[in-house]
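Here's a friendly walk through a protein model, for anyone seeing it for the first time. Take a look at the picture, then read on.

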Amino acid sequence: MVFASSEGEGGLLADDLADALEIIIGLEWRDCLSFSGGGDVEVMQISAQHLERSRDKYNPDIDNEAAQVAAALSLRIVPVTDLVIRLHATASKTEPDYVVTDDDGQAFDPPFGEHVEPRHGGWR
C-alpha cells in the first residue's frame with residue numbers, strides 16, 4: 001500500500017490493505033513518520049508514545065472507537081510499538097524501488113521526516 005500526501009511526501013505504508021488499516025486505526029502514522037529523525041525506529045517509538053498520549057488526552061474515547069472500527073473490519077488491535085516496527089520496516093523499502101512520482105514524473109519526498117519532535121514547544 002502506497003501513500004501520497006498533498007504536501008508532496010509519499011512512500012510505502014504497508015504490505016497489504018489489512019496491515020495498512022491496522023496502522024491507520026492504531027497509530028498516528030503520519031506524525032510518526034514526520035517526527036522520525038530521518039527514519040530512526042527508536043525516535044519513531046518515542047514519537048508514537050507522545051502522539052498516543054496527546055491523542056488520548058484530546059479524544060478519551062479513541063481506543064473504544066478504534067476497537068469498534070477494527071472489529072467491524074475483522075482486524076486486530078495491534079500494540080503501538082509493533083505498529084511502529086511494521087511502519088518503519090515497510091517505509092524503509094520505499095527507496096530506491098518504490099519511489100512515488102506525480103503525473104509529470106517528479107518524485108515525492110521520502111516518507112521519513114528529519115525532525116525528532118515538533119519545533120515549537122517540543123512534546124508537551
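## The enclosed space

Let's start inside: helix 3, which covers residues 41-58, gives the most to the lining of the largest cavity, with four residues. Bear in mind that this is a predicted model. How many cavities of 30 Å³ or more does the count come to? The count is one, and the volume of the largest cavity is about 40 Å³.

Which residues line the largest cavity? They are Gly26, Leu27, Glu28, Ala48, Leu51, Glu52, Arg55 and Val80. Sorted by type, that lining has four nonpolar residues, one polar and three charged.

## An open pocket

Now for the second largest pocket, with a volume of about 150 Å³. Its lining takes in 14 residues, and those nearest the centre of the pocket are Gly26, Asp63, Ala66, Ile77 and Val78. Gly26 is also among the residues lining the largest cavity.

At least two lining residues of the second largest pocket come from each of helix 1, helix 3, helix 4 (62-72) and helix 5 (80-91). By type, the lining of this pocket splits into eight nonpolar residues, one polar and five charged.

Next, try to spot glutamate 22 in helix 1, the helix made of residues 17-26. Is glutamate 22 buried or exposed? Its relative accessible area is 6%, and because anything under 20% counts as buried, glutamate 22 is buried.

What does glutamate 22 touch, leaving out residues up to four places away in sequence? The list is Leu75, Arg76, Val78, Leu83 and Arg86. With Arg76 there is a polar detail to look for: a polar atom of the glutamate 22 side chain lies 3.3 Å from the backbone nitrogen of arginine 76. Val78, another residue on that list, is one of those nearest the centre of the second largest pocket.

## Stepping back

So much for the details; here's the whole chain. The protein chain has five helices and two strands, and along the sequence they run β-β-α-α-α-α-α. The radius of gyration is 15 Å, close to the 14 Å that the globule rule gives for 124 residues, so the chain is as compact as a globular protein of that length.

Along the principal axes, the C-alpha atoms fill a box of roughly 40 × 40 × 25 Å. Buried residues account for 39% of the 124 residues. Of the contacts between residues at least 6 apart in sequence, 63% join residues at least 24 apart.

Note on methods: Residues are numbered from 1 along each chain as its sequence is written. This is a predicted model: local features need pLDDT of at least 70, side-chain atom pairs count only at pLDDT 80 or more; totals for chains, interfaces and linings use all residues. Side-chain values use heavy atoms; hydrogens and water are left out. On a 1 Å grid over the protein atoms alone, a cavity is a set of points where a 1.4 Å probe fits but cannot get out, and a pocket is an open set with protein on both sides within 12 Å along at least five of seven lines; lining residues have an atom within 4 Å of a point. Grid points are joined across faces, edges and corners, and a volume is the space filled by probe spheres set on the points. Ala, Val, Leu, Ile, Met, Phe, Trp, Tyr, Cys and Pro count as nonpolar, Asp, Glu, Lys and Arg as charged, and the others, Gly among them, as polar. Buried means under 20% relative accessible area, exposed over 50%, partly exposed in between (1.4 Å probe, protein chains only). A polar contact is a pair of N or O atoms within 3.5 Å; within protein, one must be able to donate a hydrogen and the other to accept it, and residues adjacent in sequence count only if both atoms are side-chain atoms. Contact means heavy atoms within 4.5 Å. The radius of gyration is taken over C-alpha atoms; the globule rule is 2.2 Å times the number of residues to the power 0.38.
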